[in-house]
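Here is a short report on one structure.

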Number of protein chains: 2
Amino acid sequence: MALALYDLEGRDGRRMSPFCWRTKYALAHKGLTAEDRPVGFGEIKTIGDGSHKTVPVLEHDGQFIGDSWQIAIHLDQNFQDTPPLFPSLDALHYAQFVERWLFTQVFTAMFPAMVKQVFEHCREEDKAYVRESREKQLGGMTLEQADKRGKEGLGAMSVALGPLRAKLMDTPYLNGNEAGYADYVAASTFMWARAVYPNKLFAPKEPVADWFKRILEMHGSLGRSTPGYDIAA
Amino acid sequence: MALALYDLEGRDGRRMSPFCWRTKYALAHKGLTAEDRPVGFGEIKTIGDGSHKTVPVLEHDGQFIGDSWQIAIHLDQNFQDTPPLFPSLDALHYAQFVERWLFTQVFTAMFPAMVKQVFEHCREEDKAYVRESREKQLGGMTLEQADKRGKEGLGAMSVALGPLRAKLMDTPYLNGNEAGYADYVAASTFMWARAVYPNKLFAPKEPVADWFKRILEMHGSLGRSTPGYDIAA
């Protein structure tokens with residue numbers, strides 16, 4: 001079997017895509033290795049038959065699979081002798097609910113503080129695309145205007161992290177005593193921040209920061225070993 | 001086997017405790033019936049050996065079990081030939097995360113709009129206790145002051161419902177195609193509202209309202225058949 005992963009890359013080897021991070025943690029969880037195929041935003045259209053608009057894309061024996069959820073399910077179906085990402089359907093629904101919580105509450109709050117930094121840390125040839133697409137996402141606000149609202153957004157992020165913080169008071173990981181896909185989905189959001197955000201993201205003594213540090217170290221320091229900033233106070 | 005459930009009761013037979021609702025849905029999910037033992041706030045101390053401070057309390061063959069989580073786990077352990085509440089550990093962690101989300105985001109937003117209504121709908125003999133304990137919870141605000149902030153809180157609730165709303169766009173229930181304990185935990189929050197809140201709680205076309213209506217109807221209209229208001233537009 002041959003696996004290769006197309007992973008979004010910025011300048012200086014920075015890996016910022018939270019969706020790609022989910023897949024890298026998924027592969028590591030299952031003890032699988034994939035050839036690293038870093039691509040800039042503009043190179044995504046060159047993957048496989050050219051139909052992919054986003055990464056990650058996993059190439060598995062000549063088949064190209066996009067979308068981090070589809071890849072996770074594909075990995076469980078095709079590598080049944082490795083630790084499952086979804087040992088039950090509830091594990092899948094749980095991870096999906098965590099994603100919906102991240103999208104509707106956490107990611108939106110972080111976005112203003114991150115978006116100009118994503119621009120700063122992408123490759124030169126991707127900058128025009130990133131500015132245009134992100135300013136459209138911001139409803140016409142410029143990256144610089146969004147950046148000014150960053151602090152306020154991070155205050156809202158801290159409130160939005162309530163459920164994760166509270167769950168971590170009872171169990172070391174969202175999935176209990178061991179990290180699972182719900183943890184990887186949540187932590188990947190902060191891997192995105194770690195790649196580009198040059199300041200502290202978490203308040204001192206934030207329990208979420210301790211959990212994130214544990215995830216940085218696991219699977220042979222998969223997270224920690226990549227270029228990034230020290231966002232966890 | 002003999003089961004009896006001590007369930008918080010207000011005036012006119014209203015059942016307002018979200019924690020008791022979880023247990024009633026848990027019993028129904030497993031096809032179990034328990035003798036109904038309604039108690040007012042002031043009667044909780046008369047249950048069993050007098051050590052219980054909260055309901056639900058389940059009496060099972062002379063043993064008294066408090067705390068809705070403990071009861072749910074007890075039911076799965078003791079009635080293994082009935083549908084499990086937690087078919088996997090992930091189902092438990094999922095339901096716990098949903099509770100943490102409700103506590104930190106949703107319940108807090110709803111509280112100002114509900115608290116005076118809880119007072120209005122409890123038994124006469126419980127009113128002094130409810131006013132005092134709830135005003136302490138409100139940090140010294142009166143029930144009437146909290147009530148004035150109710151509308152604002154319900155606006156925040158609608159934002160906080162984002163993850164539930166988004167998950168329900170993909171699957172009919174939090175637990176997938178069938179309701180599970182994560183659904184019961186979430187829906188019980190709205191059963192609390194239904195017992196006391198005499199207005200619409202949800203905006204028109206709110207997907208959460210449709211899901212709640214389905215839960216009201218299930219298990220022989222367990223929810224719908226109890227006294228309450230039509231909170232779902």
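Helix 1 of chain B and helix 2 of chain B are roughly parallel to each other, a class that takes angles under 35 degrees. The contact joins B:Phe19, B:Arg22, B:Thr23, B:Ala26 and B:Leu27 of helix 1 of chain B to B:Ser68, B:Trp69, B:Ile71 and B:Leu75 of helix 2 of chain B. Contact means heavy atoms within 4.5 Å.

The model is predicted: local features need pLDDT of at least 70, side-chain atom pairs count only at pLDDT 80 or more, and totals for chains, interfaces and linings use all residues. Residues are numbered from 1 along each chain as its sequence is written, chains are lettered from A and ligands numbered from 1 in the order written, and side-chain values use heavy atoms, without hydrogens and water.

Helices (H or I, at least four residues) and strands (E, at least two) are DSSP runs, numbered from the N terminus. Axes are lines fitted to C-alpha atoms, for helices over the stretch in contact, and angles run from 0 to 180 degrees between N-to-C directions.

| Pair in chain B | Angle | Axis distance |
|---|---|---|
| Helix 1 and helix 2 (residues 68-78) | roughly 10 degrees | within 9 Å |
| Helix 1 (residues 18-29) and helix 8 (residues 181-196) | about 135 degrees | 8 Å |

The angle with helix 8 of chain B makes helix 1 of chain B oblique to helix 8 of chain B. From helix 1 of chain B, the residues in this contact include B:Trp21, B:Tyr25 and B:His29. Among those they meet in helix 8 of chain B are B:Tyr184, B:Val185 and B:Trp192. By class, this contact has nine nonpolar, three polar and one charged residues. Ala, Val, Leu, Ile, Met, Phe, Trp, Tyr, Cys and Pro count as nonpolar, Asp, Glu, Lys and Arg as charged, and the others, Gly among them, as polar.

**Chain A and the symmetry**

Chain A has nine helices and four strands. Their order along the sequence is β-α-β-β-β-α-α-α-α-α-α-α-α. The C-alpha trace of chain A spans about 50 × 45 × 30 Å along its principal axes.

Chain A superposes on chain B by a rotation of 180 degrees with 0.0 Å of shift along the axis (RMSD 0.0 Å). The same surface serves both copies, as 100% of the contact residues of chain A recur in chain B. In chain A, A:Tyr94 comes closest to the rotation axis, at 2.6 Å (C-alpha).

Note on methods. Least-squares fit on C-alpha atoms with pLDDT ≥ 70 in both. Parallel < 35°, antiparallel > 145°, perpendicular 65-115°, else oblique.
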